Amino acid sequence: MSRTIVIVGGGASGALLAVHLARQADRPGVVVVEPRAEIGPGLAYSTRSPGHLLNVRAANMSAFPDRPDHFLDWLRRDHDPEADGGLFAPRMAYGRYLRSLAQAAGIVHCRTMATAVTVEGDAARLVLADGTVLGADHVVLALGHFPPVDLPHVSDDAVARRIYYRDPWADHAPMPDRDAPVVLIGTGLTAVDMLLRLREEGHRGPVTMISRHGLPSLGHIPCAPCAQAAIPPGTAPAARAYLRALHAALRDGVAWPAAIDSLRGTSNLLWARLPLSEKIRFRRHLFHRWSVARHRMAPSVAARVAHDMQRGTLAIRRGHVHALAAGGDGGVLTLRTARGTEILAASRVINCSGPATDYRHVGSAILRGLLRTGQAVPGEMGVTLATGAGGAVRDAAGHCSPVLSAMGPMRAGTLFETTAIPEIRQQAAELAARLVRTSS
């Protein structure tokens, strides 16, 4: 008898899983619960800005691990006949690619939100926002990213006057003054995206990016690939030992981008070997440096950021946001810096500090219910969900559910690398094969 698999979330993670399920010889029934009008683009690839580019080359963005040229072939056919594997394509184009795959797979799209899920023996029941109840043999959570954690002490006036935006991807009111100062909280890729969007909309004024460490994302540069992993698999499981091994590779002449990229296939294994105390140490002391080197800007984007800095219209600051209040023609931001308390004026403040990962506080009804009933628990260090092999959701007793799984960013409570397409497509292929295999 054919099984029914319900995927909650229709962004890149959910779409890729649905597409891989559709490729199976004995394909199950697949329903994707997604409130957006389309399956595929999700939050990451629904941008309308042509300047927002992929930060991975086209050659490594195929939806299928066994067909590495699939996206490049599509790109040449449907977007740019001259595209090569080194192209950093527009994210809008990748959104169209995912949409086309989902449409061709013939997926059932239930356009609403799931509000609750309960496991009943070897099946599950989902309650949807419109009152519909769906039965499923397996439920896969693929909710993607949530908006950033709110800034502390933001006044109601700052929100009401549209000075402050917690969600960088929300629709923003046009800037009334193109020369007015803007503050972006964060110095990573999301902040870069907002800078590009502001400039495309005609903003000319000064932009200040602020983060705890004040480290901007780095840009891709050409270099020869590393012949082997910069951190050998037998390295002692400790953050310092991993750092020493990486430094040794750099001293041996390996370019830093090649050293970082050499770890993509082994980083999850290296992470799993670390005891929790070492994972905490890495997060506290090294993660910010890893992040800016690992999540790099496309070269043309890096050049635009460098141009802004050279002109003096972009500044990067190190500090903590203490409060934001409305005042005069804009906002008044209170910062804690190495020099003490500082005041910064801004007509707009956009929170680009990265997605919230503590699912106890993200406002999702379905996650709130799973955590409250013990059907799911937070992952390590309170991040996302605890999962086992293949993404099976762990319950309060530590057991892996045979009915509930998680995909993509929702597995960050266990995996180190789980937010980029190369990792997500592999998860999708493996989970699709397992779900079909266990049903036969």
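Reader: Which residue of strand 17 does Val 140 stand opposite?
Author: Val 140 stands opposite Ser 405 in strand 17. Please note that this is a predicted model.

Reader: In which sense do strand 7 and strand 17 pair, parallel or antiparallel?
Author: Strand 7, residues 138–141, pairs with strand 17 in the parallel sense, over three bridges.

Reader: And how many bridges join strand 16 to strand 17?
Author: Two bridges join them, and here the strands run antiparallel. Strand 16 covers residues 392–394, and its Arg 394 stands opposite Cys 400 in strand 17.

Reader: What about the hairpin of strand 16 and strand 17; which residue takes a positive phi there?
Author: That is Gly 398, with a phi near 90°. The hairpin has five residues between its strands.

Reader: How many residues of strand 17 are buried?
Author: Five of its seven residues are buried, so strand 17, residues 400–406, is mostly covered.

Reader: Turning to the open sheet: what is the order of its strands?
Author: The order is 8-15-9-10-11, five strands with parallel pairing. Strand 8 (164–165) and strand 11 (314–318) stand at the edges with a single partner strand each, so one side of each has no neighbour in the sheet.

Reader: How many bridges join strand 9 to strand 15?
Author: Four bridges link strand 9, residues 182–185, with strand 15, residues 348–351. Within this pair, Ile 185 is opposite Asn 351.

Reader: Which strands does helix 5 lie across?
Author: Helix 5, residues 189–200, lies across strand 9, strand 10, strand 11 and strand 15. Relative to strand 10 (207–211), the helix runs at about 170°.

Reader: Where is Thr 313 found?
Author: Thr 313 is in the loop between helix 11 (299–311) and strand 11.

Reader: Buried or exposed? Why does Thr 313 count that way?
Author: Thr 313 counts as buried because its relative accessibility is 12%, and the cut-off for buried is under 20%.

Reader: What does Thr 313 touch?
Author: Not counting residues up to four places away in sequence, Thr 313 touches Arg 199, Arg 204, Gly 205, Pro 206, Val 207 and Asp 308. With Asp 308 there is also a side-chain polar contact of 2.4 Å.

Reader: New topic, the second largest pocket: how much space lies in it?
Author: About 530 Å³. The pocket is lined by 25 residues, and the closest to its centre are Leu 243, Leu 246, Ile 260, Phe 282 and Trp 290.

Reader: Which helix gives the most to that lining?
Author: Helix 6 does, with six residues. Helix 6 (239–251), helix 7 (256–261), helix 8 (267–273) and helix 10 (287–294) each supply at least two residues of the lining.

Reader: Where is the place of Ala 230?
Author: Ala 230 lies in the loop between strand 10 and helix 6. The residue is buried, with a relative accessible area of 7%.

Reader: With which residues is Ala 230 in contact?
Author: Leaving aside neighbours within four places in sequence, the contacts of Ala 230 are Ala 245, Leu 246, Ala 249, Ala 259, Ser 262 and Leu 263. Leu 246 is also among the residues closest to the centre of the second largest pocket.

Reader: What separation do the C-alpha atoms of Ala 230 and Ser 211 have?
Author: They are separated by 29 Å, while the two residues are 19 residues apart along the chain.

Reader: Finally, helix 1: how many of its residues are buried?
Author: Eleven of the eleven residues of helix 1, residues 12–22, are buried, so the helix is largely enclosed by the rest of the structure. Among them are Leu 16, Leu 17, Val 19 and His 20.

Terms used:
Residues are numbered from 1 along each chain as its sequence is written. This is a predicted model: local features need pLDDT of at least 70, side-chain atom pairs count only at pLDDT 80 or more; totals for chains, interfaces and linings use all residues. Side-chain values use heavy atoms; hydrogens and water are left out. Two strands pair if DSSP finds at least two bridges between them. Contact means heavy atoms within 4.5 Å. Axes are lines fitted to C-alpha atoms, for helices over the stretch in contact, and angles run from 0 to 180 degrees between N-to-C directions. Buried means under 20% relative accessible area, exposed over 50%, partly exposed in between (1.4 Å probe, protein chains only). A polar contact is a pair of N or O atoms within 3.5 Å; within protein, one must be able to donate a hydrogen and the other to accept it, and residues adjacent in sequence count only if both atoms are side-chain atoms. On a 1 Å grid over the protein atoms alone, a cavity is a set of points where a 1.4 Å probe fits but cannot get out, and a pocket is an open set with protein on both sides within 12 Å along at least five of seven lines; lining residues have an atom within 4 Å of a point. Grid points are joined across faces, edges and corners, and a volume is the space filled by probe spheres set on the points.
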